[in-house]
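Open the structure in your viewer and keep the selection tool ready. We will go stop by stop.

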Amino acid sequence: MAFLGIGLMGNPMVRCLLRAGYSVTVWNRTHSKAQVLRAAGAQPVIAVAEAVGGADVIISMLEAGPIVAQVLQEAMPALPAGAIWIDMSSTKQAEAQQFHASLQAAGHGFVDAPVSGGVGGAQAGSLAIMAGASAGDYARVEDILAAMGRPTLVGPAGSGQVAKLCNQLIVGATLNIVAEALLLAQAAGADAAAVRTAIRGGFAESKVLEVHGQRMLERNFVAGGQVKSQIKDMHNILAAAEAARVTLPLTQLVTQRYETIAATYPTADHAAALLALEALNPGQRLGNGPDKLS
């Protein structure tokens, strides 16, 4: 198989595939990022066409829909007959549907399979994988996806992106709510860390409270998921909502909150929602430690 896009997520995802016994050819626009996987057993190549030429399964993990479209166009003439393309990038639903239409017209299969779980989930092989595909295409790649995490077929092509947007909607909003809760706890005279401990296990428990609540207390904003990526997701959510003719007022507000720090902290972790909140509350700052941004 071929894996296109060796970034923060792609690197550990390829390592999971290699550990599962798959032979993987890897490509990245910056070749050095693919080259580091040679020692793990992958075969790095310089050209997209070389990567996909002998691959019956192609996986892409790229920055955004337009980049996927560009790479797909570059790769299409070299695809072997009946290949299946799994795009694990986060794109717009309409983009995923267009990728499916283009590949289907050329006799190829397509699965949009965005993920949630961050770099830690990619390293552990425990990603939540939301797949949009026909039942037949999904059956062809289910075992491959299972090597990287927990795949679920959620509907036809494009539905994986809808599921990912729903996930990011909940994550983005919850990050902001956790920031508000912890800042309120401290400002009102309580021990914010103790409040977090006290409410864990109740109805307020979540992975965001567990992981990012602690990051906020430590003021650790070293990126897992970046602010700029969260904003991209929020814009895609609003585009999907407009297409589905529904209004999402809280999502609109969360998008605005992230946009206030887009220029200042674009590559900080999306837990930097706390920094956006503190900017609204001069003189209020959670904890006493320095900000960790890199």
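Start with Cys16. It is buried, at 5% relative accessibility (buried means under 20% relative accessible area, exposed over 50%, partly exposed in between, with a 1.4 Å probe and protein chains only). Now select Cys166, which is partly exposed at 43%. The structure holds zero disulfides, a disulfide being a pair of cysteine sulfur atoms within 2.5 Å.

A note before moving on. This is a predicted model, where local features need pLDDT of at least 70, side-chain atom pairs count only at pLDDT 80 or more, and totals for chains, interfaces and linings use all residues. Residues are numbered from 1 along each chain as its sequence is written, and side-chain values use heavy atoms, leaving out hydrogens and water.

Next, select strand S8, residues 127-132. Helices (H or I, at least four residues) and strands (E, at least two) are DSSP runs, numbered from the N terminus. Five of the six residues of S8 are buried, so the strand is largely enclosed by the rest of the structure. Strands pair if DSSP finds at least two bridges between them. Val115 has Ile129 as its bridge partner in S8.

Now show S9, residues 149-155, which pairs with S8 in the parallel sense over six bridges. Met130 stands opposite Thr152.

Last stop: helix H5, residues 93-105. Which of its residues are buried? Select Ala96, Phe99 and Leu103. On the other side, Ala94, Gln104 and Ala105 are exposed. Finish at Gly107, which follows H5 and has a positive phi, near 85°.

How values were computed: Expected span 1.5 Å × (residues − 1).
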